Structures are given as C-alpha cells and as structure tokens.
Amino acid sequence: SEQSCLNEWTAMADLESLRPPSAEPGRSSEQEQMEQAIRAELWKVLDASDLESVTSKEIRQALELRLGLPLQQYRDFIDNQMLLLVAQRDRASRIFPHLYLGSEWNAANLEELQRNRAQGTHVLVHCKMGVSRSAATVLAYAMKQYECSLEQALRHVQELRPIARPNPGFLRQLQIYQGILTASRQSHVWEQKVGGVSPEERPAPEVSTPFPPLPPEP
C-alpha cells in the first residue's frame, strides 16, 4: 500500500538528497544582495572609525550614508557582522621581540596565549580593541626603552599594526612625555660633562632605527 511504502522510505537512514538547499524562508534575493553590500562597505567604515569609541549606531549611520538607504531593519545583522569582522581581523601584533599589542579578544583567546607562552616569555599589552589606549602605552614604553622620538615610535608601531591610532588626547600626553624624556636625557648629558666623562664613555648617538629586529614567526 502507499502507507507501507512511505513507512519503508522513512525508515531508510542512509538516504542522501542531491537537491540543493532551499533559500532560508523569508529571505529574498534583494535582502541577500543588501547584506552582501553591507559586508563590503563595513570594512571601509571600520577602517575609517575610531574603534575604541565608535558605537553600532554610528556604524549603521555611516553605512546608510555610503549606501544611500535606511538600514534600521538590518541593525542586528550589522551588529553581528561587526563582531565577526573585528574578530577575524584582530590578531595580536608583534611590536618587539618580547611584546605584542592586541585587544581584549586576544587576551581571552586561550589558544593564542598558550602558543605565545610556548615560544618563551612574552607580554601582551591590550585594551578593548588594541587601537588607542594600549597603543599609547606601547608608544610610551618604546620612547623610554629605546630612547626614540614619538614620530619614530608611532611609525614603527603602525608599520606592524596599521590599526593602531591613539586618540588626540593620548597623542598630546605623549608629546608632553617626549619633552620630559628629552629634558631628562639632556640633564644626564650635562651631569656627564660636569663629571668629566671621557668621549669613549659617552652614549652613542641616536640611530635612525633604534628598535631590535623581530625574529621570524614560528
């Protein structure tokens, strides 16, 4: 009977359907095209934004300006894509042989921390996104440790982590810190002159690249 055939068909567990998957119910091709357009523009918006302080609403407004359409109905989709893209793009950047600059996502990534630990003793300096606060901390460390200028330190860090971009307030503080370091070094030189330090004992002049070379990644 027809019912017995249906029962046998249902009981066959190893059947494999070659029919292509159907589109998700309620999703039109127009909606899929819009989501693809949002993904493409989202990278550009994130690159041009201060990731430390930008909100999802501001991201959506920037996307609306780029696409020329209201995107209120795509709010959840945009929020989810932001999280995915930031996680995919965000990997801790090696700034010095012993120091990485990254985000709180890197700090919470147990596998990455274990891998770094297996390579030796390293430090991960991080904030929420590894863009402004932690970048400013690493810049201050570089200026002090390697006796370089703010310009040299910023160029070095951004070569290795292009998204590093301290906000204007932090940059002003770093400029003040640079003045403090310069005054301290000049005072040290004056003390050497007064103490009669011989030329061979004086510190070597500043070189154009004061930073140690990075070993190859394993």
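Trainee: Which residues do ring pairs link into a cluster?

Mentor: In this predicted model, the count of aromatic pairs comes to three. Ring pairs join three residues into one cluster, namely F96, Y141 and Y146.

Trainee: Are the rings of Y141 and Y146 stacked or edge-to-face?

Mentor: A pair of aromatic rings is described by the distance of the centres and the angle of the planes. For Y141 and Y146 the centres lie 6.3 Å apart and the planes stand at 90°. Planes over 60 degrees apart count as edge-to-face, so the pair of Y141 and Y146 is edge-to-face.

Trainee: Is Y141 buried or partly exposed?

Mentor: Buried requires a relative accessible area under 20%, and exposed one over 50%. Y146, at 17%, therefore counts as buried. Y141 has a relative accessible area of 29%, so Y141 is partly exposed.

Trainee: In which sense do strands β1 and β2 pair?

Mentor: Strand β1 covers residues 93-96 and strand β2 residues 99-103. A hairpin of two residues joins β1 to β2, and S93 stands opposite L101 in β2. Over three bridges, the sense of the pairing is antiparallel.

Trainee: Which residues does H156 touch, leaving aside those up to four places away in sequence?

Mentor: H156 belongs to helix α8, residues 150-160. Its relative accessible area is 13%, so H156 is buried. With residues up to four places away in sequence not counted, H156 touches I95, F96 and F211.

Key: Residues are numbered from 1 along each chain as its sequence is written. This is a predicted model: local features need pLDDT of at least 70, side-chain atom pairs count only at pLDDT 80 or more; totals for chains, interfaces and linings use all residues. Side-chain values use heavy atoms; hydrogens and water are left out. Helices (H or I, at least four residues) and strands (E, at least two) are DSSP runs, numbered from the N terminus. Buried means under 20% relative accessible area, exposed over 50%, partly exposed in between (1.4 Å probe, protein chains only). Contact means heavy atoms within 4.5 Å. Rings of Phe, Tyr and Trp (its six-membered ring) pair if their centres lie within 6.5 Å; planes under 30 degrees apart count as stacked, over 60 as edge-to-face and the rest as tilted. Two strands pair if DSSP finds at least two bridges between them.
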